[in-house]
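This briefing accompanies the sequence and structure shown below.

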Amino acid sequence: KFSVVIPVYNAAQYIEETIESVLEQSIGFEKNCEIILVDDGSSDDSGKVCKGIAMRFPDNIRYVEQINAGPGAARNYGALLARGKYVTLLDSDDKWSRDTFKDVYNFFENRYEEIDLVGVKVDFFEAKSGPHPLNYKFTSDRIIDLESEHTSVQGFANSVFFKREVFSKHLFSPSVGR
């Protein structure tokens with residue numbers, strides 16, 4: 001059901017907690033999720049940590065490397081490898097609450113023909129901590145028209161779940177996040 005693309009750059013000290021937030025999803029990680037770890041040329045132990053976790057779940061976690069090209073390029077690479085019905089782009093210093101995937105899946109499935117993406121609240125940890133300052137925009141579950149209500153969303157990729165086919169038409173500029 002879900003592909004989680006995680007761009008990794010010098011995140012050894014907190015990547016494990018990020019991944020754990022996906023492993024602990026109430027929807028059931030092994031039956032419903034895959035993680036694609038895209039190491040964007042890390043110079044710390046990120047690769048070692050990621051490979052160790054990937055070895056625990058070889059059917060669900062893929063580790064790939066690229067020469068440092070920035071988070072936009074890493075997200076594109078991972079999204080093009082995704083096999084899930086829905087794709088999310090989780091930063092290596094963020095994490096999901098336990099019921100996020102279950103709630104997003106139900107929202108998508110009940111409105112599949114009406115929407116291409118679902119935005120959610122985000123919490124930071126480690127480098128930053130606590131709720132994202134734009135979480136106030138999530139006062140209720142609703143569908144918005146991005147053209148007329150563009151200020152109603154958090155405008156960053158790691159707070160969104162996309163239908164996978166979105167990436168067949170739209171990719172990130174490689175310069176995003178550089």
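How many residues does the largest nonpolar core have, and which of them have the most contacts inside it? In this predicted model, the core has 33 residues, and those with the most contacts inside it are Phe-2, Ile-6, Ile-35, Leu-37, Ile-61 and Phe-101. In soluble globular proteins, nonpolar side chains tend to be buried together.

**Nonpolar cores**

- A second, separate core has 14 residues, including Ile-36, Val-38, Val-87 and Phe-162.
- Ile-35 is in contact with Val-4, Ile-6, Ile-19, Val-22, Leu-23, Phe-29, Asn-60, Ile-61 and Arg-62, when its neighbours within four places in sequence are left aside.

**The sheet**

- Six strands form an open sheet in the order E3-E2-E1-E4-E9-E6, and their pairing is mixed.
- E3 and strand E6 (117–119) are the edge strands; each has a single partner strand, so one side of each lacks a neighbour in the sheet.
- From one strand to the next, the twist averages 20°.
- E1 and strand E4 (residues 86–89) run parallel and are joined by 4 bridges; within this pairing, Val-4 has Thr-88 of E4 as its bridge partner.

**Helices packed on the sheet**

- Helix H4 (residues 71–81) packs on the sheet and touches E1, E2, E3 and E4. The direction of H4 makes about 150° with that of E1.
- H5 also packs on the sheet, where it touches E1, E2, E4, E6 and strand E9 (160–163). The direction of H5 makes about 45° with that of E9.

**Strand E9 and its partners**

- E9 pairs with E4 in the antiparallel sense over 3 bridges, and Thr-88 stands opposite Phe-161 of E9.
- E9 also pairs with E6 in the antiparallel sense, again over 3 bridges; here Gly-119 has Val-160 of E9 as its bridge partner.
- In a regular strand the side chains alternate between the two faces of the sheet.
- In E9, Val-160 and Phe-162 point one way, whereas Phe-161 and Lys-163 point the other way. All of these residues are buried, Lys-163 included.

- Apart from its neighbours within four places in sequence, Val-8 is in contact with Ile-15, Leu-37, Val-38, Asp-39, Asp-40, Ser-42, Ser-46 and Cys-50.
- Val-8 and Tyr-63 are 55 residues apart along the chain, and their C-alpha atoms are separated by 10.0 Å.

**The H1 and H3 pair**

- Two packed helices are described by the angle between their axes and the distance between the axes.
- The axes of H1 and H3 come within 10 Å and cross at roughly 25°. Angles under 35 degrees count as roughly parallel, and H1 and H3 are therefore roughly parallel to each other.
- The crossing in which H1 passes H3 is right-handed.
- On the H1 side, Ile-15, Glu-16, Ile-19, Glu-20 and Leu-23 meet Val-49, Cys-50, Ile-53 and Arg-56 of H3.

Key
Residues numbered from 1 in each chain as written. Predicted model: local features only at pLDDT ≥ 70, side-chain atom pairs only at ≥ 80, totals over all residues. Heavy atoms only, no water. Core = buried A, V, L, I, M, F, W, Y, C linked by side-chain atoms within 4.5 Å. Buried < 20%, exposed > 50% of the residue type's maximum accessible area, 1.4 Å probe, protein only. Contact = heavy atoms within 4.5 Å. Pairing = 2+ DSSP bridges. Helix = DSSP H or I, 4+ residues; strand = E, 2+ residues; numbered from the N terminus. Axes fitted to C-alpha atoms, helices over the stretch in contact; angles between N-to-C directions. Parallel < 35°, antiparallel > 145°, perpendicular 65-115°, else oblique. Left-handed = near helix turned anticlockwise from the far one by under 90°.
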